[in-house]
Amino acid sequence: MTNYQLGKIYRLYNDDCNDTYIGSSAQININRRFHRHREFARDKELSKRRYGKIFDTPNYHFEVIEEYPCNSRK
């Protein structure tokens, strides 16, 4: 069961192309979420639809924008 009290809002972005992806997670280890994004990015077709050009160059970044504890996904 997901513990939404661990909620976080995060951003993936790339300075080279000004693309940004905003997401949320309730995982204890937010770095695992980032690594999942990188795994998805290996599928080039899916990556373009979901992330634009974020993973096209090695100048991509991941940051937590806000800790967001809540009671549900909504």
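Author: What follows covers the cavity and then the pocket. The model is predicted, so local features need pLDDT of at least 70 and side-chain atom pairs count only at pLDDT 80 or more, while totals for chains, interfaces and linings use all residues. Residues are numbered from 1 along each chain as its sequence is written, and side-chain values use heavy atoms, with hydrogens and water left out.

Rolling a probe the size of a water molecule over the atoms shows where empty space is left. On a 1 Å grid over the protein atoms alone, a cavity is a set of points where a 1.4 Å probe fits but cannot get out; a pocket is an open set with protein on both sides within 12 Å along at least five of seven lines; lining residues have an atom within 4 Å of a point. A volume is the space filled by probe spheres set on the points, which are joined across faces, edges and corners.

The structure has one cavity of 30 Å³ or more. The largest cavity holds about 30 Å³ of space, and its lining consists of A41, K44, S47, K48, F55 and D56. Helix α2 (residues 44–51) gives the largest share of that lining, three residues; a helix here is a DSSP run of H or I with at least four residues, and a strand a run of E with at least two, numbered from the N terminus.

The largest pocket has a volume of about 350 Å³. It is lined by 15 residues, and Y4, S24, S25, A26 and R73 are the closest to its centre. Two or more lining residues come from each of β1 (8–14) and β2 (19–25).
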